[in-house]
Amino acid sequence: MLFSALATLLAIITNAKAHSWVEQLTVIAPNGTFTGTPGYARGNYLRTASGFSDTTMTYLLPPGTRSNVTQLLPSDKLCKDTQQEKSQSDGSPRLQASAGAPIALRYQENGHVTLPQNQPGKPKNRGTVYVYGTTQPKGGEKLLDVYGAWNSDGTGGDGRGVLLTTQNFDDGRCYQVNGGDISERRQKDYTHEANQLMGADLWCQVDIQLPTTAPSGKLYTLYWVWDWPTAPGVDPTYPHGKTEVYTTCMDVDVQGTFANKQATDDEYAEEQDLNSAAIPSEFDDLSGQETPVESSSSPATTSAASAKKATVTAWHTVGKTVTVSQDTTVTVDASQPSLTP
Ligand SMILES: *[C@@H]1O[C@H](CO)[C@@H](O)[C@H](O)[C@H]1NC(C)=O
Ligand SMILES: *[C@@H]1O[C@H](CO)[C@@H](O)[C@H](O)[C@H]1NC(C)=O
């Protein structure tokens, strides 16, 4: 098929220098199938938009201009300049979703999953994705006020938001079409029909649930943070390792409350089209999950917050088990440090 051959060729070309960001947000129906009209990040550039390039959507911290490559500063902004305002670009509307709705955030792996040999010293789970949520985003929001600060019960940092999920960047299925072993295996295991959006690739996703208490008629802000560090002592260019954090900032238009709160307990439809399916293990985890909204009261003490922040920039050698998919468990051994914000 000419289209898929072209898509593959394009994927190979863009592979050379490509990064990841949230390309699309979609509500997930109770059976695990994407439903409704997709939404997009603030100030989104579609890949087909004029002026699009990787740099129009990629946001890296610390910035490439910082001489200390492991240093995150309290002044570092969480959102890219083009994503500071709660505004959408033409053709890239905001997602509409009810409070409590399960949502898939999709991004491309760009070889970060399927060509691990390209970048030595990277974590085996291909980095960790954190998704934070808040009804009280700040203009000029700072990375370190959120990342490593907010926690799942809403009591971390200044208490304005919550950590909605922590997932592996590698969702266990996603791939770009290339000749690497991982991609070839996944092309067989997770076959799908090439479509206009993804071409022959299968995008990665992280599945979250909006808090059931997110106020209807208002915007709920999501921060996607991908922690993609290089371990010290592996790459001679970075003897002390390298901190690499990428973010995408998004708002969701909250409309009503999820009709059936038990909905995510329903059966995930087996054998469904992978072009529009949630990740079963992540989706199951959402079942019955009660996500608190941020606490309106007292922030945590400043010293506790900054102590927590300090750990973000430091390496911790920990034996950590991460579940990559329902049937694969990867153990990150002690020689593979991982960041524990
Ligand atoms: C670079 O930043 C890290 C993390 O903040 C710090 O521990 C280290 O001392 C800094 N290195 C230099 C050479 O300033
Ligand atoms: C899942 O549910 C949605 C919405 O009710 C429906 O459109 C879709 O066809 C279902 N998917 C499967 C695989 O049954």
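Visitor: What makes the side chain of asparagine 68 a polar contact of ligand 1?
Guide: This is a predicted model. In it, an oxygen atom of ligand 1 is 2.4 Å from a side-chain N or O atom of asparagine 68. For threonine 70 the corresponding value is 3.5 Å. The residues around the ligand are Asn68, Thr70 and Gln71. Taken alone, ligand 1 exposes 360 Å², and the protein buries 34% of that.

Visitor: Why is the pair of tyrosine 107 and phenylalanine 169 called tilted?
Guide: Their planes are 40° apart. Stacked needs under 30 degrees and edge-to-face over 60, so this pair is tilted. The ring centres are 4.8 Å apart, and the limit for pairing is within 6.5 Å.

Visitor: What does the pair tie together?
Guide: Tyrosine 107 lies in strand E5, and phenylalanine 169 in the loop between strand E7 and H4, so the pair links parts 62 residues apart in sequence.

Visitor: How do you know whether tyrosine 107 is buried or exposed?
Guide: Its relative accessible area is 0%. Buried means under 20%, so tyrosine 107 is buried. Phenylalanine 169 also has 0% and is buried.

Visitor: What puts the buried residues of H4 on the same side?
Guide: The buried residues are Ile182, Ser183 and Arg186. They cover an arc of only 95° around the axis, so they share one side of H4. Asp181 and Lys188 are exposed on the other side.

Visitor: Why is lysine 242 said to lie over the face of tyrosine 238?
Guide: Lysine 242 is 5.5 Å from the ring centre. The distance limit is within 6 Å, so that test is passed.

Terms used. Residues are numbered from 1 along each chain as its sequence is written. Chains are lettered from A and ligands numbered from 1 in the order in which they are written. This is a predicted model: local features need pLDDT of at least 70, side-chain atom pairs count only at pLDDT 80 or more; totals for chains, interfaces and linings use all residues. Side-chain values use heavy atoms; hydrogens and water are left out. A residue is near a molecule or strand if one of its heavy atoms lies within 4 Å of it. A polar contact is a pair of N or O atoms within 3.5 Å; within protein, one must be able to donate a hydrogen and the other to accept it, and residues adjacent in sequence count only if both atoms are side-chain atoms. Accessible areas come from the Shrake-Rupley method with a 1.4 Å probe; for residues, only the protein chains shown count as cover. Buried means under 20% relative accessible area, exposed over 50%, partly exposed in between (1.4 Å probe, protein chains only). Helices (H or I, at least four residues) and strands (E, at least two) are DSSP runs, numbered from the N terminus. The arc is that of the directions from the helix axis to the C-beta atoms. Rings of Phe, Tyr and Trp (its six-membered ring) pair if their centres lie within 6.5 Å; planes under 30 degrees apart count as stacked, over 60 as edge-to-face and the rest as tilted. A charge sits over a ring if NZ of Lys or CZ of Arg is within 6 Å of the ring centre and within 35 degrees of the ring normal.
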